[in-house]
Amino acid sequence: MPAPTRSAPAAFGRGVSQVVANPGLLLAPLAFGGTVAASVAAAVLAAAFTFGRAFTSAARMAERGPGALSDFLEGLRGLLFASPGAVLLALLVILVGVLLLTAFAAWIRAGVTGSLAEIDARAAEAASLDAFRHPAPGAAFFASASRLFGPFFALVNLYALVASFVVLLIVLPLVGAFVAVAAGRSGLVVVFAALFAVLVLVVIVASAALRVVYLVAGRVIAVEGLDALAATGRAIALVRASPGRAATLYLLTVGGAMAVGLAFVFPRIVLTFAAGWTNAGVWAPVLVSGAFILLQMAAGFAYDLAVTGAFVALWPAEAAQVAPEPPLP
């Protein structure tokens, strides 16, 4: 018997209600976003310090023109050969950093999805906003993150692997076109351009399907306790059983994301220009624009939580299915 489903608008509304009633859940993606920003800043500073001489040659190249390209390449080659151990250590640090960020992302996703599944299961159909308010959202988050981390870590890596393959579909024709241009093969350029246009459409559809399966697989892990591969298979089966509802919910979430973005873009442009006409100095437009960008990022994180909650709510679950395991005495 197919799993019971809610309508897409009802699931979308429940996803929004889960986040509005539990704003503390927003701290999780904000913490991850801050960690990523700090990691990127540290990587840029480390690269600037390590490859300072090469960057100096690049600055000279900007002043002197292409004649300084050999200086830049020579400086970079000399640095690599002079300290290969440092380069290998830097690559190892990058690899470890990416692995830790992936683990942190999986931990956040596990806690958020498990919490939203528990919140949705506690609220009856057509419940008021108060019914979605969890008495201890923090405890629910940490319990779910601890209980579901392993499967979500595997799911996040599986999703990244498949997404990389999808992106590769449009990268290969571009590389082929550049090679054909360099070789003067105009016929091949036309072939690769046509292939690129076709694959762009394929990638758009595949990305949407991949996103839906990823969100539904997270719901399956949180509710049914399956591992990543089994949850992916189960998610595909659920989507195939309710393709109309899944597609409608996805389109609703895309439309909502566009509305959230536009709600900040136009006020930011207007207020940035208004700040530029004041006598507050050149930093006023920068500060106004930066503040709106930060607010837009926070709204985007909150909306992503709502989208996750919506796909969790598309298939109703009983509270006993998603209750965290009792702590050991």
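Helix α6 (residues 137-183) and helix α7 (residues 186-224) pack against each other at an angle of about 175°, and their axes lie 8 Å apart; here the axes are lines fitted to C-alpha atoms, for helices over the stretch in contact, and angles run from 0 to 180 degrees between N-to-C directions. The two helices, α6 and α7, are therefore roughly antiparallel to each other, a term used for angles over 145 degrees. By class, the contact of α6 with α7 has 30 nonpolar, three polar and two charged residues, where Ala, Val, Leu, Ile, Met, Phe, Trp, Tyr, Cys and Pro count as nonpolar, Asp, Glu, Lys and Arg as charged, and the others, Gly among them, as polar.

This is a predicted model, in which local features need pLDDT of at least 70 and side-chain atom pairs count only at pLDDT 80 or more, while totals for chains, interfaces and linings use all residues. Residues are numbered from 1 along each chain as its sequence is written, and side-chain values use heavy atoms, with hydrogens and water left out.

The secondary structure of the chain comes to eleven helices and zero strands, helices being DSSP runs of H or I with at least four residues and strands runs of E with at least two, numbered from the N terminus. Of the 329 residues of the chain, 30% count as buried, that is, under 20% relative accessible area with a 1.4 Å probe and protein chains only. Among contacts between residues at least 6 apart in sequence, 79% join residues at least 24 apart, a contact meaning heavy atoms within 4.5 Å.

Helix α1 (residues 8-21) has 14 residues, which at 1.5 Å a residue should span 20 Å, and its end C-alpha atoms are 20 Å apart, which agrees; the expected span is 1.5 Å times one less than the number of residues. Among the buried residues of α1 are A8, A11, R14 and Q18.

L26 and A299 are 273 residues apart in sequence, yet 9.3 Å apart in space, C-alpha to C-alpha. Not counting residues up to four places away in sequence, L26 touches A298, F301, A302 and L305.

The side chain of T102 reaches the backbone oxygen of V98 at 2.8 Å. Leaving aside residues up to four places away in sequence, T102 also touches F153, V156 and N157.

Key. Parallel < 35°, antiparallel > 145°, perpendicular 65-115°, else oblique. Buried < 20%, exposed > 50% of the residue type's maximum accessible area, 1.4 Å probe, protein only. Polar contact = N/O pair within 3.5 Å; in protein donor to acceptor, adjacent residues only side chain to side chain.
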